[in-house]
Amino acid sequence: MNQNIICIYYSRTGKTERVMREIAQSLDCELAEVHDRVRRGGALGALRCGMDAMRKKTRAISRVESKRPLWEYRLVILGTPVWAGRCSSVMRGFLKRRGFELTDVAYVITHGSEEPYREVFDQMDLYIKKPHIADVSLRPGSTGYVFWRDQFLKACADYTDAELHPIAEELAAEANREAASIAPKERTEKPAAEDAATVNAPSDGDEKTKQTEQ
Ligand SMILES: Cc1cc2nc3c(=O)[nH]c(=O)nc-3n(C[C@H](O)[C@H](O)[C@H](O)COP(=O)(O)O)c2cc1C
C-alpha cells in the first residue's frame with residue numbers, strides 16, 4: 001500500500017464515495033470518511049444541507065481514521081459534493097478544523113449539473129497553507145468521467161511518484177450505459193468541454209488571491 005497518500009471524503013448519497021473509492025483503489029492508498037452529527041438524509045436533510053452551505057455554517061466533525069498524522073502524508077486528496085454551488089458544509093467543517101494540518105492537497109468535487117464549479121477549489125484553498133496541487137470536477141455518470149478522473153490520477157501519481165493500479169469501473173459502466181443510449185453520430189471519442197469535468201494541476205508557483213471567508 002502507498003503510505004504517502006490518503007483520500008478523505010464526505011458523501012451524503014454515495015456518489016463522491018464511489019469516486020473516492022476508485023481513486024484510492026488506483027493509487028492503492030488509505031481511504032477515510034468524514035461526517036458531522038447532523039441528520040442530512042431525506043428532503044428535510046437536503047434542505048438543511050443547502051442552507052448550511054449557503055450560510056457557510058459548519059459543525060463538529062467526526063474523527064478521521066488515518067494511520068499517520070495528516071501532516072505526514074505527501075498528498076491528501078479531499079472529496080466533496082457541491083452544495084448550492086459551494087463546498088459541502090461537512091468538508092468545509094473539516095477544512096476549518098483540520099486544514100492547518102495539511103501540506104499538499106488535491107481536490108475532487110462531484111455535482112449533478114454541467115457546471116464545473118471551479119470556484120469551489122478556491123473556497124477550499126482558503127483553509128490550507130498553500131494552493132492545491134491538482135483538482136478535478138466530476139459529474140458521475142457523464143461520458144467524460146473516466147477521462148477526467150484518469151487525468152487527475154495521473155497528476156497525483158506524477159506528484160507523488162506513485163504507481164497507478166487498475167480499478168473496477170463502477171462509474172465508468174454507468175457512463176457507458178448513458179453513452180449507449182445516445183445516437184452513434186452524437187458520440188464523441190474525447191469528452192467535450194460541456195461534460196463539466198475538468199482537471200487542473202497548478203504549478204507550485206501558482207499564486208491565488210485569498211479572501212477571508214467564515
Ligand atoms: C443540498 C444540495 C445542494 C446541491 N447543490 C448542487 C449544485 O449547486 N449544483 C450541482 O450541480 N449539484 C448540486 N447538488 C447535487 C450533488 O452535488 C451531486 O448529486 C453529488 O454528486 C452528490 O454527491 P454525494 O452522493 O457524494 O452526496 C446538490 C445536492 C444537495 C443535496
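**Exercise 1. Work out how many helices and strands the protein has, and in which order they run.**

Solution. The protein has 6 helices and 7 strands, where helices (H or I, at least four residues) and strands (E, at least two) are DSSP runs, numbered from the N terminus. Next, read the elements from the N terminus on: β-α-β-α-β-β-α-β-α-β-α-α-β.

Two notes before going on. This is a predicted model, in which local features need pLDDT of at least 70, side-chain atom pairs count only at pLDDT 80 or more, and totals for chains, interfaces and linings use all residues. Residues are numbered from 1 along each chain as its sequence is written.

**Exercise 2. Describe the shell around the ligand.**

**Exercise 3. Decide whether D28 and D161 are buried, partly exposed or exposed.**

Solution. First, the scale: a residue is buried if 20 or more other C-beta atoms, placed from the backbone, lie within 10 Å of its own, exposed if 12 or fewer, and partly exposed in between. D28 lies in the loop between α1 and β2 (30-33). It counts as partly exposed because it has 14 C-beta neighbours inside 10 Å. D161 sits in the loop between α5 (145-160) and α6 (170-180). D161 counts as exposed, because it has 9 C-beta neighbours inside 10 Å.

Definitions and conventions:
A residue is near a molecule or strand if its C-beta atom, placed from the backbone, lies within 6 Å of it.
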